[in-house]
Amino acid sequence: MPEATTILLESLRDGYVQVSVFVAITVLAFGLVQYLTGGALLRAIEDNERLQPALGGLLGLTPGCGGAIVVMPLYLRGTVSFGTVVATLGATAGDSAFVILALAPEAALYAYAIAFAASVATGYLVDSVGLGVSRVDAAVARLSPATTDGGTVAGGGAIGPNPAHDYAGESPTHSHETGPDRHSRVLTPLSHLAHVLWWLAAIAGLVLGSLYLLRGGPEVALAVGPGFDGLFTVVGLVGASLSLYLYAVGRHYVGEGTVARARDSFSSVYDTLVHAAMETSFVTVWVLVALAGYEYVVFFTGADVATLAASAGVLAPLGGAVVGLIPGCGPQIVLANVYAEGGLPFSALSANAIAQDGDALFPLLAVDAKAAIIASIYNFLPAVVVGVALHFLWGPVFGMAEFGFGVL
């Protein structure tokens, strides 16, 4: 098989089993909380403006990207501040958290606690000083020709409901499901079947993905058969294919017809499952594009990102922060494995934890690239500062090992 084709198939497989299934379970978990509480979670975030960056940071801190993915649509519809977006993305542990938690739990505890504190502080700073908030909100408002009255965040950064993300003209804080926007005697039942099969693949993928992480993220051959490698490949390719179908076609016949929206409530458990599947499929498409793009760049250029990040001296945390700028969890999972193998200092791991946005950046990037880029820049700066500070203080002052700290 040509290597370019192998890269594509492995990206499809790995993107689904290593990333999407974990996104699915966290998005579903938050959806079920919304269903059981009647939308209390999102209302609590929207109604507590002063606590928004802290609450966003807590959601981002959950392993995987599901918690952070919940926050992005709230900004796009104007109910949380831009500082909340910055805090959420900065604190996002992403799917690399599963690797570090499994292989270096003590390092994970320290690194993500540092990322949470730095990101929340940055989020409050952005809101209080108004660092670029008005420009970003103006970009969001331009997504629709109409404007509506909105509130303000501390520091004068205006936020208001974005009509481009409203639900059939309803209040942005009390939006509801509008149902599928298309119906077909063939595609409607086919899409429901694809949705059910997608969840079966997700359950199988979650088991395989967990085993993969518990085994330390080993190389998995592209194979078909009853063994681990074969099941990993089959489930990954089937799940990725179903995700592409649901995103391109199925969402119009099963879900809302749109993506990257926050839901206040759900009418049933099945409705919650549908929403989680559609949102995860949307993220999956971006993950696959980013992961395949990353692998092709490495393939055609011969660049070794892990080696660059492991540069000696103060360049190590800078390299970790630069890797964190790459959207998606693929490069971050690579970096986490490099740390667990003793190839990176703790300062680089911490800088990467702050700079990385995980898959939560994709919904924002797809709808408002300017906001996504500015948020990434805001998280990159404290990542470098904290990473460099740890480089000089972690060992000499705190007496902690730079390499191998917390590795089991």
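**Helix packing and burial in a predicted model**

The axes of helix 15 (residues 346-355) and helix 17 (residues 369-393) come within 8 Å of each other and cross at roughly 165°. Here an axis is a line fitted to C-alpha atoms, for helices over the stretch in contact, and angles run from 0 to 180 degrees between N-to-C directions. Helices (H or I, at least four residues) and strands (E, at least two) are DSSP runs, numbered from the N terminus. Helix 15 and helix 17 are therefore roughly antiparallel to each other; angles under 35 degrees count as roughly parallel, over 145 as roughly antiparallel, 65 to 115 as roughly perpendicular and the rest as oblique. The crossing in which helix 15 passes helix 17 is right-handed. A crossing is called left-handed if the near helix is turned anticlockwise from the far one by less than a right angle, and right-handed if clockwise. On the side of helix 15, the contact (heavy atoms within 4.5 Å) is made by Phe346, Ser347, Ser350, Ala351, Ile354 and Ala355, and on the side of helix 17 by Asn379, Pro382, Ala383, Val386, Gly387, Leu390 and His391. Sorted by class, the contact of helix 15 with helix 17 has eight nonpolar, five polar and no charged residues. In this scheme Ala, Val, Leu, Ile, Met, Phe, Trp, Tyr, Cys and Pro count as nonpolar, Asp, Glu, Lys and Arg as charged, and the others, Gly among them, as polar.

The structure is a predicted model, in which local features need pLDDT of at least 70 and side-chain atom pairs count only at pLDDT 80 or more, while totals for chains, interfaces and linings use all residues. Residues are numbered from 1 along each chain as its sequence is written, and side-chain values use heavy atoms, with hydrogens and water left out. The pLDDT, which is the predictor's confidence in each residue on a scale from 0 to 100, averages 79 over the protein, and 83% of the residues score at least 70. Confidence is highest in helix 10 (residues 228-253), at a mean of 93, and lowest in strand 1 (residues 151-152), at 39. Over residues 144-177 the pLDDT is below 50, and this stretch has 84 contacts in the model beyond near neighbours in sequence.

What does the overall fold contain? The secondary structure comes to 17 helices and two strands. Of the 408 residues in the protein, 54% are buried; buried means under 20% relative accessible area, exposed over 50%, and partly exposed in between (1.4 Å probe, protein chains only). Among contacts between residues at least 6 apart in sequence, 78% join residues at least 24 apart.

Helix 4 (residues 66-76) and helix 5 (residues 82-91) pack at an angle of about 165°, with their axes 10 Å apart. That makes helix 4 roughly antiparallel to helix 5. The crossing of helix 4 and helix 5 is left-handed. In helix 4, Ala68, Val71, Met72 and Tyr75 meet Phe82, Thr84, Val85, Thr88 and Leu89 of helix 5. By class, this contact has seven nonpolar, two polar and no charged residues.

Seven of the 10 residues of helix 13 (residues 315-324) are buried, so helix 13 is largely enclosed by the rest of the structure. The buried residues are Ala316, Pro317, Gly319, Gly320, Ala321, Val323 and Gly324.

In helix 1 (residues 3-37) lies Ala29, which is partly exposed, with a relative accessible area of 39%. The C-alpha atom of Ala29 is separated by 8.3 Å from that of Gly66, 37 residues apart along the chain. Asp14 also lies in helix 1, and Asp14 is buried, at 16% relative accessible area. Apart from neighbours within four places in sequence, Asp14 is in contact with Val19, Phe232 and Leu291.

Helix 11 (residues 269-301) holds Tyr270, along with Glu279 and Thr280. Tyr270 is partly exposed, with a relative accessible area of 35%; leaving aside neighbours within four places in sequence, Tyr270 is in contact with His192 and His195. Thr280 counts as buried, at 1% relative accessibility. Not counting residues up to four places away in sequence, Thr280 touches Ser20, Val23, Ala24, Val27 and Trp198. Glu279 is buried, with a relative accessible area of 5%, and the C-alpha atoms of Glu279 and Pro363, 84 residues apart along the chain, are separated by 9.0 Å.
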